Amino acid sequence: MADLSTSGGGPGSVAPLDAGDVAAALAPFGSSRMLPRAAYVDHDLHQWEVQHWFEAGWVCAGRAAIVPGPGSQHAVSVGRIGVLLARDHDGVVRGFANTCRHRGHELVPCDAGVVRGVVQCPYHAWSYELDGRLRLAPRFDDLDAGGRAELGLVPVAIEQWGGWLFVNADSAAPPLADHVGDLTTVLAPWAPDTLVVAAEHRYELRANWKLVHENYHECYHCPLIHPELCVVSSPSSGDNLAATSGAWVGGFMDLEPHAATMALDGRSPVPPLAGLGPVERRRVLYAGLFPNLLISAHPDYVLTHRLRPLAPDRTEVVCQWLFDPSTVAADAFDPAYAVDFWDLTNRQDWAAVESVQRALASPLYRPGVLAPHENAVYQWVAMLARAYGGAPLTPTPLPRPRSR
């Protein structure tokens with residue numbers, strides 16, 4: 001058995017996977033196979049993904065509004081790395097390792113936020129300016145300027161795109177724009193940077209994070225498990241998109257003639273988003289940005305799924321529903337029509353991917369084939385298969401659907 005970890009790429013950049021099994025995922029569409037079983041159940045491979053794809057790549061940490069004003073601080077987890085997001089007095093968001101330079105205590109608990117003029121460790125009261133410089137080290141009276149400069153918070157790269165904050169703990173991180181690529185242009189009509197969160201749900205799945213992506217990029221399963229969705233959007237409608245740059249996969253589905261949006265009755269009580277033309281008002285865009293952000297752009301709202309791998313067979317999913325601020329501010333606004341539809345659809349999907357995860361645990365599992373219209377799943381799988389071998393994350397050319 002050839003081990004990919006012994007060939008190609010830089011040190012530590014190639015995954016511990018069988019080269020032949022990965023090659024099968026890169027065969028031409030129609031003869032390719034899914035990723036090998038180890039990609040969903042192996043602990044060592046999971047740790048490799050966390051280290052190389054989450055801790056050393058661009059990862060969505062949430063909406064920029066989690067640090068709304070000067071002094072706002074919020075801690076997030078990216079793989080094994082705690083990251084502190086802080087907005088300084090000039091309104092600039094900065095990122096730091098969420099670790100005090102004295103004895104390593106967390107500065108802010110993960111998933112919690114505070115507002116204060118300095119960053120202060122709750123263990124021994126070391127404090128830092130919002131730009132990361134050491135401000136005060138109690139009882140270290142002999143600490144000179146050089147020592148203070150050396151004991152500032154460890155910086156982490158932060159960039160903002162579409163109203164989301166992205167974190168990259170790699171000191172040599174390329175620009176976020178290269179990672180996002182032409183998804184910026186595709187998503188522009190929805191102006192996501194202008195939208196606000198109106199609702200949020202959190203789920204914990206007993207399934208590998210990649211299964212959520214694979215399920216998201218096809219509607220072959222929709223007639224059997226999403227009857228409500230099929231009433232408002234035909235599972236055979238729309239098409240997938242050919243990304244030319246960036247690490248993303250996407251496509252769109254059309255709304256049925258009676259439906260204005262994805263809701264249980266197809267109705268929307270709010271106006272369409274202002275920047276959309278007649279074409280965008282009759283479809284829903286679905287885009288998955290590697291590794292952890294799924295964006296579903298509707299005529300009247302944008303739904304996102306943000307994934308956090310917890311184990312080879314466990315994933316946290318945070319769903320947020322984004323609306324125009326004027327819509328949210330209107331009297332009697334209630335996002336339940338969108339939330340109820342997608343909460344139901346999500347739970348149907350979670351049951352399916354958890355069933356797949358249980359089956360993948362069997363040593364008798366063999367990677368399957370792709371249906372004629374699962375070309376977006378092929379794009380996703382092929383992108384990952386190349387990256388396992390140390391290649392950059394680049395789009396997979398979109399193969400045309402095969403005849404049925």
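The second largest pocket holds about 550 Å³ of space. Its lining counts 22 residues, and the closest to its centre are H52, A56, A391, P392 and L393. The model is predicted. The largest pocket has a volume of about 730 Å³. The structure also holds one disulfide and 20 aromatic pairs.

**Second largest pocket**

- Two elements, α3 (43–54) and α5 (176–180), each give two or more residues to the lining of the second largest pocket.
- Helix α3 supplies the largest share of that lining, three residues.
- By class, the lining of the second largest pocket has 12 nonpolar, eight polar and two charged residues.

**Largest pocket**

- The volume of the largest pocket is about 730 Å³.
- Its lining has 39 residues, of which E218, C219, Y220, P235 and M253 are the closest to the centre.
- Helices that give two or more residues to this lining are α7 (209–216), α8 (222–225), α11 (336–360) and α12 (375–388).
- Strands that do so are β12 (239–240), β13 (248–254) and β15 (293–297).
- Helix α11 gives the most to the lining of the largest pocket, with five residues.
- The lining of the largest pocket divides into 18 nonpolar, 16 polar and five charged residues.

- C219 and C222 form the disulfide, with their sulfur atoms 1.8 Å apart.
- The torsion about the S-S bond of C219 and C222 is about -105°, so the disulfide is left-handed.
- Both C219 and C222 are buried.
- C100 is in no disulfide, and the nearest cysteine sulfur, that of C121, is 3.8 Å away.
- C100 is buried, with a relative accessible area of 4%.
- C121 also counts as buried, at 3% relative accessibility.

**Aromatic pairs**

- A pair of aromatic rings is described by the distance of the centres and the angle of the planes.
- The count for this model comes to 20 aromatic pairs.
- W53 and F290 form an edge-to-face pair, 5.2 Å centre to centre, with 80° between the planes.
- The W53 and F290 pair links distant parts of the chain, 237 residues apart.
- W53 sits in helix α3, and F290 in the loop between β14 (283–289) and β15.
- Both W53 and F290 are buried.
- Y301 and Y337 form another edge-to-face pair, at 6.1 Å centre to centre and 90° between the planes.
- Y301 lies in the loop between β15 and β16 (302–311) and Y337 in helix α11, so the pair ties together parts 36 residues apart in sequence.
- Y301 and Y337 are both buried.

**Aromatic cluster**

- Which residues form one aromatic cluster? The members are W48, W53, F54, W209, F290, W380 and Y388.
- W53 and F290, the edge-to-face pair, both belong to this cluster.

**Charges over rings**

- The charged end of R63 sits over the ring of W164, 4.8 Å from its centre.
- R283 lies over the face of F252, at 3.5 Å from the ring centre.

Notes:
Residues are numbered from 1 along each chain as its sequence is written. This is a predicted model: local features need pLDDT of at least 70, side-chain atom pairs count only at pLDDT 80 or more; totals for chains, interfaces and linings use all residues. Side-chain values use heavy atoms; hydrogens and water are left out. On a 1 Å grid over the protein atoms alone, a cavity is a set of points where a 1.4 Å probe fits but cannot get out, and a pocket is an open set with protein on both sides within 12 Å along at least five of seven lines; lining residues have an atom within 4 Å of a point. Grid points are joined across faces, edges and corners, and a volume is the space filled by probe spheres set on the points. Helices (H or I, at least four residues) and strands (E, at least two) are DSSP runs, numbered from the N terminus. Ala, Val, Leu, Ile, Met, Phe, Trp, Tyr, Cys and Pro count as nonpolar, Asp, Glu, Lys and Arg as charged, and the others, Gly among them, as polar. Rings of Phe, Tyr and Trp (its six-membered ring) pair if their centres lie within 6.5 Å; planes under 30 degrees apart count as stacked, over 60 as edge-to-face and the rest as tilted. Buried means under 20% relative accessible area, exposed over 50%, partly exposed in between (1.4 Å probe, protein chains only). A charge sits over a ring if NZ of Lys or CZ of Arg is within 6 Å of the ring centre and within 35 degrees of the ring normal. A disulfide is a pair of cysteine sulfur atoms within 2.5 Å.
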